[in-house]
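Subject: Structure handover

Hi,

Here is the structure I promised to pass on.

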Amino acid sequence: MPSPGSLAAFLKDRRTRLDPASFGFSGRRRTPGLRREEVAQRANISPTWYTWLEQGRGGAPSADVLNRIAKGLLLTEAEREHLFMLGLGRPPEVRYRGDEGVSPRLQRLIDTLDASPALVKTATWDVVAWNRAAEVVLTDYGTIPAGRRNILRFMFLTPHIRAKQHDWQNLARFVVGAFRADAARAGAVSEVTQLVDELCNGSPEFATLWRENDVLAHGDGTKRLKHPELGDIELEYSSFAVDGRPDLNLTVYNPIDGKVADRIRALARHPKAQSL
């Protein structure tokens, strides 16, 4: 159960860390940080109500109040989540952040995987980062306009990519179910409406699968491909959440055959390696 004392201590601690001058507040102060009434003003809530919360006697605050306080205290996303756990005993509803790309650190990490294709996709399955091995084995995403790097568009609206998939029908069913789950988990249901409409209009198969309302998980598994240079290959894959980014998912494909891995490395060293 939420602890009023823990919530009170957290609020007071974060309040005292803020610099009043940076918010336009002046005057001599006996203690560091903002005053309680100043936080209440920034959060657009009653000063009495906020004071009660800091005293551990305000009762259970609403999600709206906690969001206002988080904004008023300039909390990070991790701090906001902690605030909700203390105040309500649950994390806040997911707020979809959209395509902001990936950090340079994450890009450097996937670049070290010289024989394992790796890509990062959003909850709407737009590819926002990839490594050289992914260009060799999957497709050269850099040659595709940013707004068109979508896995579902590749699967349902790009004939040459569809033709090179093993058991396309079952793969397509899996992709649609996993896509639906990802969008809901990240709070991006409204954001996928335009994409879903486009796919339904362009692909009768997608429209049929979408109406079935299947929801599937895709933590790990195997993927088979018909590659123009590597031939029929099989890869194991694992998917990972990107910490602090519910809108992003990292998928790493690992060649089962060591000889295939060596050939991927060789192709990746070539400046004009064939893409799928």
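**What I found**

Alanine 181 sits in helix α10. Before going further, a word on the source: this is a predicted model, where local features need pLDDT of at least 70, side-chain atom pairs count only at pLDDT 80 or more, and totals for chains, interfaces and linings use all residues. Residues are numbered from 1 along each chain as its sequence is written, and side-chain values use heavy atoms, with hydrogens and water left out. Helices (H or I, at least four residues) and strands (E, at least two) are DSSP runs, numbered from the N terminus.

Back to alanine 181: it counts as buried, at 10% relative accessibility. Buried here means under 20% relative accessible area, exposed over 50%, and partly exposed in between (1.4 Å probe, protein chains only). Leaving aside neighbours within four places in sequence, alanine 181 is in contact (heavy atoms within 4.5 Å) with Val215 and Leu216. Its C-alpha atom is separated by 36 Å from that of asparagine 44, 137 residues away along the chain.

**Nonpolar cores**

A nonpolar core is a set of buried Ala, Val, Leu, Ile, Met, Phe, Trp, Tyr and Cys residues joined through side-chain atoms within 4.5 Å. The largest one has 42 residues, and Val137 and Phe156 touch the most other members. Elements giving two or more residues to this core are β2, α7 (132-137), α8 (151-157), α10 (168-185), α11 (193-202), α12 (204-211), β4 (231-242) and α13. Helix α10 provides the largest share of this core, eight residues.

What does phenylalanine 156 contact, leaving aside its neighbours within four places in sequence? The list is Trp168, Ala172, Val176, Leu199, Ser203, Glu205, Phe206 and Leu209. There is also a second, separate core of 21 residues, which includes Ala43, Tyr50, Leu83 and Phe84. In soluble globular proteins, nonpolar side chains tend to be buried together.

Helix α12 is worth a click too. Its buried residues are Phe206, Ala207, Leu209 and Trp210, and what covers them includes α8, α10 and α11. After α12 comes asparagine 213, with a positive phi near 60 degrees.

**Salt bridges**

A search of the whole structure finds 17 salt bridges, each defined as a side-chain nitrogen of Lys or Arg within 4 Å of a carboxyl oxygen of Asp or Glu.

- Arginine 14 pairs with glutamate 79, with the closest N and O atoms 3.1 Å apart. Arginine 14 lies in helix α1 (residues 4-16) and glutamate 79 in helix α5 (residues 77-88), so the pair ties together parts that are 65 residues apart in sequence. Arginine 14 counts as buried, at 16% relative accessibility.
- Aspartate 114 pairs with arginine 265, the closest N and O atoms being 3.2 Å apart. This pair links distant parts of the chain, 151 residues apart: aspartate 114 is in the loop between α6 (104-111) and β1, and arginine 265 is in helix α13 (residues 258-269). Aspartate 114 is partly exposed at 42% relative accessibility, and arginine 265 is partly exposed at 29%.
- Aspartate 64 and arginine 68 meet at 3.0 Å, N to O. They are four residues apart in helix α4 (residues 63-72), so about one helical turn separates them. Aspartate 64 is partly exposed, at 42%, and so is arginine 68, at 33%.

Strand β1 (residues 118-122) contains threonine 122, which is buried, with a relative accessible area of 2%. A polar contact of 2.9 Å joins the side chains of threonine 122 and threonine 124; the term means a pair of N or O atoms within 3.5 Å where, within protein, one must be able to donate a hydrogen and the other to accept it, and residues adjacent in sequence count only if both atoms are side-chain atoms.

Strands β1 and β2 (residues 127-130) run antiparallel and are joined by three bridges; two strands pair if DSSP finds at least two bridges between them. Lysine 121 has valine 127 as its bridge partner in β2. The hairpin has four residues between the strands, and tryptophan 125 takes a positive phi near 65 degrees there.

Over to you!
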